[in-house]
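Here is a friendly briefing to keep beside the viewer. Have a look at the chain first, then read on.

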Amino acid sequence: MTATQPLTFTQILTELVAFPVLGGEGNHSIANWIKDYLDGYGVAYQTVPDETGTKEAIHCRIGPAVDGGIILSGHMDVVPTVGQPWDTDPFKLTLKGDTLYGRGSCDMKGFLACCLASVPLLLRSRLKKPVYFAFSFDEEIGCMAGDLLAGAIRDHYDEQPAGAIIGEPSMLRPMVGQKGIMVYTTTVRGSQGHSSRIKQEVDAIHEAARLIVWLEDKMDALIAAGHTDDRFHPNHTSIHVGTIKGGSAFNIIANECSFDWDFRNIPMDEAQDIIDAFQSHCEERVALRREVFPGFAIEHVAMHPPVPPLDTPEDAPIVDLVKQISGVQDTGTVSYAAEAGQFSNAGFPSVICGPGDIAQAHRANEFCTVEQLEGCMAMIEKLVEELVARP
Ligand SMILES: [Zn+2]
């Protein structure tokens, strides 16, 4: 690879899709390819390792070290393909007509490919404000590196970037809001015995069922209290139990039951408030049931720290900028989790805007059209024009 023969976004995407790096897995393979690519252009970058040393995020600046630059942010990991009926090899980018198929083509290596394909343009343009790349890992298992990477960028550069564009699939429409997300496994530990002794023992399934109903009631109570935000679909915080397991036979009182649940909070609902309310309810149940079985317990394991929602005001300069460069004036919100809230909380007002349709993400035959990727290239070109023209 040399700087004299620039790769097209399709060629770069082909390379990126070929790395089957899932969320949670070591990512040096794809990160090394990106670093080699940047090396080929003499672009200096920083890496941000995780605690285990098996993963790294990458960030770099192209342009002058002055305030007012724009961060282009994306994640390098993808979701699994196991059990999905793919018509093509998911890790081999396949062009059919105007459509590129492959895991990550849409979510969100397509955006990364457009960023990287724009490096020659960024280098030869007389940028008055810089562009930053921020490429993370483990986004798909709970935005694990978003805070780490955004914080590293804030701490590393002396200048202050003006904002971030998170290139998650939005059909290149500016998205100013995002729900937060929190995922828990809750385990109830009761006592065991003959089913006839239900009043002398504490059945973990019965107690888990109460907690699950409490969670649904909590969701309904928030809605009833007017906690709705019509920018989102659905317009309320959702609380949902996705799995439950416990018990061994109809005639044995279950001593253990665990369930996985999540909530996706609209910006007006604080994640911690929901967590606190649930935990205090659990403490009440524990106090009550320990009168019957002193070993009764309810335990919670969070899959990740809360991913904050995004709520960028319509009049924020970053929103104007993204409207201008995308050519789309009509903003929206997304109901999926992304790193936008984390970048925003780190001091970089953020807008989600990237190629492809989220409806294609995480499923078999994930795709992105060439037209969307060309649109993303055009958006970055307009960003460059803007940053060249800025005083
Ligand atoms: Zn994504």
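Predicted model: local features only at pLDDT ≥ 70, side-chain atom pairs only at ≥ 80, totals over all residues.

The protein chain splits into domain 1 (9–178 + 309–389) and domain 2 (182–302), and the C-alpha centres of the two domains are 36 Å apart. A search of the whole structure turns up 17 salt bridges, and one of these crosses the interface of domain 1 and domain 2.

**Where the domains meet**

- On the domain 1 side, 10 residues are in contact with seven residues of domain 2.
- Between them, domain 1 and domain 2 bury about 630 Å², with carbon and sulfur atoms giving 48% of that area.
- P309, T333 and S335 supply 62% of the area that domain 1 buries against domain 2, more than any other three residues.
- For polar links, the interface of domain 1 and domain 2 holds three residue pairs in polar contact.
- Strand 8 (175–178), strand 15 (310–311) and strand 16 (332–334) are the elements that give two or more residues to the side of domain 1 that touches domain 2.
- By residue type, the side of domain 1 that touches domain 2 has five nonpolar, four polar and one charged.

**Salt bridges around R231**

- The side chains of D311 and R231 form a salt bridge (2.9 Å, N to O).
- R231 also forms a salt bridge with D229, where the closest N and O atoms are 2.9 Å apart.
- D229 is buried, with a relative accessible area of 12%, whereas R231 is partly exposed at 34% relative accessibility.

**Salt bridges elsewhere in the chain**

- E56 and K35 form a salt bridge, their closest N and O atoms being 2.9 Å apart.
- That pair links distant parts of the chain, with E56 in strand 2 (residues 56–62) and K35 in helix 2 (residues 28–40), 21 residues apart.
- Both E56 and K35 are buried.
- R210 and E207 form a salt bridge with closest N and O atoms 3.9 Å apart.
- Helix 6 (residues 204–224) holds both R210 and E207, which sit three residues apart, about one turn of the helix.
- Is E207 buried or exposed? E207 counts as buried because its relative accessibility is 3%, under the 20% limit.
- R210, at 47% relative accessibility, counts as partly exposed.

**I166 in strand 7**

- I166 belongs to strand 7 (residues 163–166).
- With a relative accessible area of 1%, I166 is buried.
- Not counting residues up to four places away in sequence, I166 touches S73, A340, F343, S350, V351, I352 and C353.
- The C-alpha atoms of I166 and D89 are separated by 27 Å, and these residues are 77 residues apart along the chain.

- T331 is found in the loop between helix 8 (317–326) and strand 16.
- T331 counts as buried, at 14% relative accessibility.
- Which side chain makes a polar contact with the side chain of T331? The partner is E314, at 2.4 Å.
- Leaving aside neighbours within four places in sequence, T331 is in contact with R173, P174, V176, E314, V319 and K323.

Methods. Residues numbered from 1 in each chain as written. Heavy atoms only, no water. Domains from an automatic or database assignment. Contact = heavy atoms within 4.5 Å. Buried area = accessible area lost by both parts, 1.4 Å probe. Salt bridge = Lys/Arg side-chain N within 4 Å of Asp/Glu carboxyl O. Polar contact = N/O pair within 3.5 Å; in protein donor to acceptor, adjacent residues only side chain to side chain. Helix = DSSP H or I, 4+ residues; strand = E, 2+ residues; numbered from the N terminus. Nonpolar A, V, L, I, M, F, W, Y, C, P; charged D, E, K, R; others polar. Buried < 20%, exposed > 50% of the residue type's maximum accessible area, 1.4 Å probe, protein only.
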